Amino acid sequence: MANASGLFTPSVPILRRRVQPPIQIYRSGFCSSERMFKRLLCSSTIAGDEKSVSRSESRPPRFVSKGCKLVGCGSAVPTLQISNVELSKIVETSDEWISTRTGIRNRRVLSGKESLNDLAVEAARKALQMAEVEPDDVDLILMCTSTPEDLFGGAPQGQASDSSFALVLIQKALGCKNNPLSYDITAACSGFLLGLVSAGSHIRGTGFRNVLVIGADALSRFVDWTDRGSCILFGDAAGAVLLQACDSEEDGLFSFDVHSDGEGGRHLKAGIRSNETEDVLGSNGSVLFPPQRSSYSCIHMNGKEVFRFAVRVVPQSIESAMVKAGLTMSSIDWLLLHQANQRIIDAVATRLDIPSERVISNLANYGNTSAASIPLALDEAVRSGKVKSGDTIAAAGFGAGLTWGSAILRWG
């Protein structure tokens, strides 16, 4: 098992219960600014002699003392909607059976000339428009996805919507002329949450000002549509947010808590298909070359184990992040979880003693959209007026890996 957690805030939010020491970032590590600054500044070539300092060592170390805040969001979904009733025509199930067990009634599925990158670009454009940020001012694009359009990742690429379907840079599709760094984060349903943490780290540690975080997945491409235990759950979508550097006093990403446990990976996976022995070996037992083209299997999920895992670890992670942020549950305006199953959402809310009216959920309309689920739900809540500027949100993602994590943040 591996885990990482951290406290982002260089200053203390108004809602905090206790005062915590200010945090600065030196290169890639978090440290207490006053103590570490003195130690680094007084580093000398002769132990104990503070006056014997070289020219390079006498220069103050480069600290970045910036906050970051969420200033824009956007989302996009495919046009094709598949209801439970329509799904029951191809697999043995019913609307009642699905909605009772999952809370899902509809899902969106890519079809025709639509592509995942089309959705990602549309969601990103909306986030930039809300943030009033020009594409040329974007310093970094993070594409959180486990189903990229290209083997080498979806962040640097976008797909044109014309008949040629030629690949173009996502930066070009968005109108970014400065070629900002772009890369993928593959962590399934935890991907967007980890994207937020990564974006915050880039802003604080590298001086980036605007980071675009996109969560987009098309799990419908990896679903066995004859398996009613899994095909009823998943849909396709994209969501995006714009994180922007700000003064430490305005910081809106208070704390985080992220983990992974490979022991549980067997419960939720979609691995490379294994070739049969006769396909790998020739008649004389020699290895065939070149090998056959590989492909991924359909999603395999042990629903009961994933449910137990989520209900156990998500409340613990949120509580840990709350302690690091110096907040109590009463300070949280909204609980925003990865939209996997309404029973999981309800169970976590109950354990955290958060009333249903403070829980954001749009699962019924879209199903489990993996890395897109949190930004999609956030975007709808913001644009409907439910989430307002200054609201504090406890967000958590969980899924394949197994991975999970949470972040305490403020909108706007």
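The model is a predicted one, in which local features need pLDDT of at least 70 and side-chain atom pairs count only at pLDDT 80 or more, while totals for chains, interfaces and linings use all residues. Residues are numbered from 1 along each chain as its sequence is written, and side-chain values use heavy atoms, with hydrogens and water left out.

Back to Glu250. Which residue does Glu250 form a salt bridge with? The partner is Lys69, and the closest N and O atoms of the two are 3.3 Å apart. The pair ties together parts that are 181 residues apart in sequence, because Glu250 sits in the loop between β13 (236-246) and β14 (253-260), whereas Lys69 belongs to strand β5 (residues 67-76). Helices (H or I, at least four residues) and strands (E, at least two) are DSSP runs, numbered from the N terminus. Lys69 has a relative accessibility of 18% and therefore counts as buried.

How many salt bridges are there in total? The count comes to 8, where a salt bridge is a side-chain nitrogen of Lys or Arg within 4 Å of a carboxyl oxygen of Asp or Glu. I will show two others.

One of them joins the side chains of Arg105 and Asp95, at 3.0 Å from N to O. Asp95 is part of helix α4 and Arg105 lies in the loop between α4 (95-102) and β7, so this bridge ties together parts that are 10 residues apart in sequence. Arg105 counts as partly exposed, at 42% relative accessibility. Asp95 also counts as partly exposed, at 28%.

The other one is between Asp257 and Lys324, whose side chains meet at 3.0 Å, N to O. Here distant parts of the chain are linked: Asp257 is in strand β14 and Lys324 in helix α9 (residues 303-325), 67 residues apart. Are these two residues buried or exposed? Asp257 is buried, its relative accessible area being 3%, and Lys324 is buried as well, at 19%.

Helix α9 comes up again with the aromatic rings. There is 1 aromatic pair by the rule used here. The rings belong to Phe309 and Trp404, with centres 5.5 Å apart and planes at 75 degrees, so the pair is edge-to-face. Phe309 is in helix α9 and Trp404 in strand β20 (residues 403-410), so to speak two distant parts of the chain, 95 residues apart. For the rule itself: rings of Phe, Tyr and Trp (its six-membered ring) pair if their centres lie within 6.5 Å, and planes under 30 degrees apart count as stacked, over 60 as edge-to-face and the rest as tilted. Phe309 is buried, with 6% relative accessible area, and Trp404 is buried, with 8%.

Strand β6 (residues 80-83) pairs with β7 in the antiparallel sense over 4 bridges; two strands pair if DSSP finds at least two bridges between them. Within β7, Arg108 is the bridge partner of Gln81.

What lines the largest cavity? Its lining consists of Leu70, Phe192, Leu196, Leu336, Ile374, Leu378, Ile393, Ala395 and Leu409. Two or more of the lining residues come from each of α7 (191-206), α12 (373-383) and β19 (392-399).

Last, two loop residues. Most residues other than glycine have a negative phi. Glu132 is not a glycine, yet its phi is positive, about 55 degrees. Glu132 is in the loop between α5 (116-131) and β8 (140-144), and is exposed, with a relative accessible area of 74%. Ser370, not a glycine either, also has a positive phi of about 55 degrees. Ser370 is in the loop between α11 (363-366) and α12, and is buried, with a relative accessible area of 2%.

Note on methods: On a 1 Å grid over the protein atoms alone, a cavity is a set of points where a 1.4 Å probe fits but cannot get out, and a pocket is an open set with protein on both sides within 12 Å along at least five of seven lines; lining residues have an atom within 4 Å of a point. Buried means under 20% relative accessible area, exposed over 50%, partly exposed in between (1.4 Å probe, protein chains only).
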